[in-house]
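I open the notebook on a structure that is new to me.

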Amino acid sequence: MAKHTEVKTNVMRILEQAKVNYTPHEYPHGKEAVDGVTVAGLLGQDVNTVFKTLVARGKGGAIHVFVIPVAAELDLKKAARAVGEKAVEMVHVRELLGLTGYVRGGCSPVGMKKAYGTVFHETAAHIPTIMVSAGKVGYQVETRPADLIALTGAAIADITA
């Protein structure tokens, strides 16, 4: 079951600096990251309100961030259209830390090393709260989607299969 945490991640600090209200959550984890559906279950949350952060590279080399429900699959063609690229492909997991500052399972749309173009799946606009990684495996933050979208300068589009 979800429990609130005393740990303060960089994502939490950024949210506080931006005066974004959030609720921190902690879930039990081992050394390896678990999939998002499992995280939602561990937190007792609906899979449609827990979102995962995916990082892709466009044909021209630009990095793009896509934030989608954990049970959904990114549609690469829709994602490419949403960011004005001919095509996008997922970055290799070994590139993730260098590009974002985050590891697999702890990647958040907030506080990446650089401000990349970000797109949230359209369902985020229709739910009262959203959970995303707090930037560290085992930790999530719950907040209003509009606040996250505004903070990250994100677009909204249908980007799932």
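Which residue in β5 is the bridge partner of Phe 66? I looked it up, and the partner is Val 119.

**Ground rules.** I am working from a predicted model, in which local features need pLDDT of at least 70 and side-chain atom pairs count only at pLDDT 80 or more, while totals for chains, interfaces and linings use all residues. Residues are numbered from 1 along each chain as its sequence is written, and side-chain values use heavy atoms, with hydrogens and water left out. Helices (H or I, at least four residues) and strands (E, at least two) are DSSP runs, numbered from the N terminus.

**Five-stranded sheet.** I began with the open sheet of five strands, whose order is β4-β2-β3-β5-β8 and whose pairing is mixed. Two strands count as paired if DSSP finds at least two bridges between them. At the edges I found β4 (88-90) and β8 (155-157), each of which pairs on one side only. From one strand to the next, the twist averages 35°; axes are lines fitted to C-alpha atoms, for helices over the stretch in contact, and angles run from 0 to 180 degrees between N-to-C directions.

I then followed the pairs. β2 and β3 run antiparallel and are joined by seven bridges, with Leu 54 having Phe 66 in β3 as its bridge partner. These two strands form a hairpin with four residues between them, and Gly 61 in the turn has a positive phi of about 100°. β3 and β5 run parallel, joined by four bridges. β5 (residues 117-121) pairs with β8 over three bridges, also in the parallel sense; there Val 119 has Ala 155 as its bridge partner in β8.

I checked how covered β3 is: seven of its seven residues are buried. Buried means under 20% relative accessible area, exposed over 50%, and partly exposed in between (1.4 Å probe, protein chains only).

**Helix α4.** Next I asked which residues of α4 are buried, and noted Leu 96, Leu 99 and Thr 100. Seen down the axis of α4, the buried residues fall within an arc of 85°, so they line one face of the helix. The arc is that of the directions from the helix axis to the C-beta atoms. β2 and β3 are among what covers these buried residues. On the face turned away from the buried side, I noted the exposed residues Arg 94 and Gly 98. Just after α4, Gly 101 takes a positive phi of about 90°.

**Three-stranded sheet.** I found an open sheet of three strands in the order β1-β7-β6, with antiparallel pairing. β1 (23-26) and β6 stand at its edges with a single partner strand each, so one side of each is left without a neighbour in the sheet. The twist here averages 30° from one strand to the next. β6 and β7 pair over four bridges, and Met 131 stands opposite Glu 142 in β7.

**Cores.** A nonpolar core is a set of buried Ala, Val, Leu, Ile, Met, Phe, Trp, Tyr and Cys residues joined through side-chain atoms within 4.5 Å. The largest has 29 residues, and Leu 15, Phe 120, Ile 130 and Val 141 touch the most other members. Elements giving two or more residues to this core include α1 (10-17), β7 (139-143) and α5 (145-152). Leaving aside neighbours within four places in sequence, Leu 15 is in contact (heavy atoms within 4.5 Å) with Val 20, Tyr 22, Val 110, Val 141, Leu 148 and Leu 151.
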